[in-house]
Amino acid sequence: MIKTEFGERKGEEFSCLLDVYKPKTDTEDLLPGILFVHGGGFYQGGREHVVEQVQYYAKRGWFVVSIEYRLVGQAPYIPKDIRSALIKCVANRESLSGEKLEFKQKQYGAAFAAARDTKNALRYFRANAKKYGCDPDNIAIYGESAGAVLALDVGLALPEDYAIPEDSNDFKLETHKGTSEKMKAIVAFNGAPILIEALSEFDGKNRYAKKAPPTLVIVGKRDKDLEFNLCEKVKKLEENKKNKLKFIAQDTDKHCNWGYKHDGKDVFEIALEFLVEQQELELRKCK
């Protein structure tokens, strides 16, 4: 495992770090990759909390990058109109008031910055993939909880979404701006595309990309920590556009229920089969 920096944040307490997991294998072929995005509700969590999940895939032949992103209190400049849209969206959608409403709005603001960090990490990964022995054209994004929100919000959005003025400090500090953000597949475990919906409400524009990567969505029907109706909307949209989507609604109220079985398979096994198919991976036992 290698720890590295994928973008500068001079003058800020936050460092854009990622962990690189390269499987020990005898093949000289470029390996398929996964950009792994941790959860934590945009106010907690980190790379160290998903080591088990990341190693599960690295030991089976994937080159995995686990990223950090900015959380509540670390989010920098957000354009006033976007900030207003996020605040308004939360107020309209959530039955909250006072400090709870204010915190939820901060979570949405942090999610906007986190989406930019995720896109930045994806560009860094693609730009440096061959150096590490990974195929830059065969990278999937995998997120759980808040990470699943980011996987969907980045993977299903229009390329220009989450843009900010080029003269802003946050924009100047980003890396590999000309590198493609295209991905081979999306795996989202217990998350909904809250940012796409908020920005769509802001200007009335359909912000779902016409062509999306093959997507696996696993959610709990009664999970109070996510907006299941948005997940159902994604299901209908992607099916109408004839994009490849596998949608599994768990009959549970638990958030990130790792032990839940679907057709006798747990979340790891379901995602494994999906990624093997989409990334055309020959499974290997790696150290």
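**Stop one: a loop aspartate**

Start by selecting Asp223, which sits in the loop between β7 (215-220) and α7. Helices here are DSSP runs of H or I with at least four residues, strands are runs of E with at least two, and both are numbered from the N terminus. You're looking at a predicted model, where local features need pLDDT of at least 70, side-chain atom pairs count only at pLDDT 80 or more, and totals for chains, interfaces and linings use all residues. Residues are numbered from 1 along each chain as its sequence is written, and side-chain values use heavy atoms, leaving out hydrogens and water.

Is Asp223 buried or exposed? Buried, because its relative accessible area is 4% and the cut-off for buried is under 20% (exposed is over 50%, partly exposed in between; 1.4 Å probe, protein chains only). Now show the side chain of Asn190: the Asp223 side chain makes a polar contact with it at 2.8 Å. That term means a pair of N or O atoms within 3.5 Å; within protein, one must be able to donate a hydrogen and the other to accept it, and residues adjacent in sequence count only if both atoms are side-chain atoms.

**Stop two: into the helix**

Next, pick Leu230 in helix α7 (residues 228-240). Leu230 is buried too, with a relative accessible area of 5%. Leaving aside neighbours within four places in sequence, Leu230 is in contact (heavy atoms within 4.5 Å) with Arg93, Ala192, Pro193, Ile194 and Glu197.
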